[in-house]
Amino acid sequence: MSNTDRHGLIAKAVRDSGCATVQELAELTGASEMTIRRDLDTLAAQGVLERVRGGARTLLLRGEEPPFALRAHEGIGVKRRIAAGICALIADGESVVLDSGTTCLEVARLLRERPVTVMPLSLQAIHLLGETSGPATLVVPGGQPRAAEGALTGPLALASLAALRFDTAVLGCCGLTAADGLTAYDLDDAAVKKASIASARRVIAAADGSKLGHTAYAHVGPAALVNTLVTDTTAAAGEVAALEAGGTVVRTV
């Protein structure tokens with residue numbers, strides 16, 4: 001098991017259980033207790049969990065959005081498949097507004113090798129697209145980054161979106177249902193998502209199966225605004241069918 005996979009498994013175990021001992025995590029991963037202690041120190045330094053005597057406990061409150069540092073360790077394989085599925089829908093020469101979030105960061109990783117114009121809405125994706133001299137053209141928006149998330153929000157971000165028109169908006173999903181539509185955990189994030197939708201000719205949503213059927217706090221808009229959803233095989237069949245009945249094309253990767 002790679003370090004990345006082990007860290008993801010540890011982060012999920014602590015998040016799901018609320019706490020875990022070094023011995024429990026060693027049995028779960030097959031790693032030595034010494035390795036687990038080093039892993040916990042690393043994850044604690046990244047803000048993924050809290051290190052306590054003999055193990056670790058979650059920093060996440062009930063109903064709270066998981067922090068970026070934690071989400072970055074979860075479901076890497078699924079996120080990369082979804083990102084590849086999204087990039088296959090984007091043609092060379094397109095202009096793309098790219099939402100914040102860990103799955104959209106994987107989209108940015110692929111788009112930097114393509115002759116497209118991209119305006120990312122997170123500091124992480126801006127850094128990723130700006131660190132190489134690939135064929136992609138980077139457009140940097142204004143905005144105020146949300147603490148720990150790096151997502152750009154506020155009047156300057158909204159003004160940047162209002163001033164431009166894109167072929168495609170790629171949106172991350174906090175929640176998506178046929179009944180409640182697209183939702184976000186944060187009101188400012190929801191406002192940026194709404195502005196991204198308004199500025200684009202089409203909308204592609206990225207959501208793993210856990211996001212379908214889930215409703216978050218802030219409403220973005222009806223599900224019909226999403227032209228195409230790219231998800232994975234764990235998505236509930238009933239929710240997929242309901243979204244398709246409403247006009248959204250669902251692609252499973």
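Predicted model: local features only at pLDDT ≥ 70, side-chain atom pairs only at ≥ 80, totals over all residues.
**Helix packing, sheet and a buried threonine**

Visitor: How do H8 and H9 run relative to each other?
Guide: Axes are lines fitted to C-alpha atoms, for helices over the stretch in contact, with angles from 0 to 180 degrees between N-to-C directions. Helix H8 (residues 155-162) packs on H9 at about 10 degrees, the axes being 9 Å apart. Because angles under 35 degrees count as roughly parallel, over 145 as roughly antiparallel, 65 to 115 as roughly perpendicular and the rest as oblique, H8 and H9 are roughly parallel.

Visitor: Across which strands does helix H9 lie?
Guide: Helix H9 covers residues 187-199 and runs at about 0 degrees to E13. The strands that H9 lies across are E11 and E13.

Visitor: What is the order of strands in the open sheet of three?
Guide: Two strands pair if DSSP finds at least two bridges between them, and three bridges join E11 (residues 181-184) to E13. The pairing in the sheet is antiparallel, and the order is E10-E11-E13.

Visitor: Which residue in E13 is the bridge partner of Ala184?
Guide: E11, to which residues 181-184 belong, runs antiparallel to E13. The bridge partner of Ala184 in E13 is Ala218.

Visitor: Is Thr231 buried or exposed?
Guide: Thr231 has its place in strand E14 (residues 228-231). Buried means under 20% relative accessible area, exposed over 50% and partly exposed in between (1.4 Å probe, protein chains only). Since its relative accessible area is 0%, Thr231 is buried.

Visitor: Which backbone oxygen does the side chain of Thr231 reach?
Guide: Side-chain values use heavy atoms, with hydrogens and water left out. Leaving aside neighbours within four places in sequence, Thr231 is in contact with residues including Ile82, Asp208, Leu212 and Val253. At 2.6 Å, the side chain of Thr231 reaches the backbone oxygen of Ala207.

Definitions and conventions. Residues numbered from 1 in each chain as written. Helix = DSSP H or I, 4+ residues; strand = E, 2+ residues; numbered from the N terminus. Contact = heavy atoms within 4.5 Å. Polar contact = N/O pair within 3.5 Å; in protein donor to acceptor, adjacent residues only side chain to side chain.
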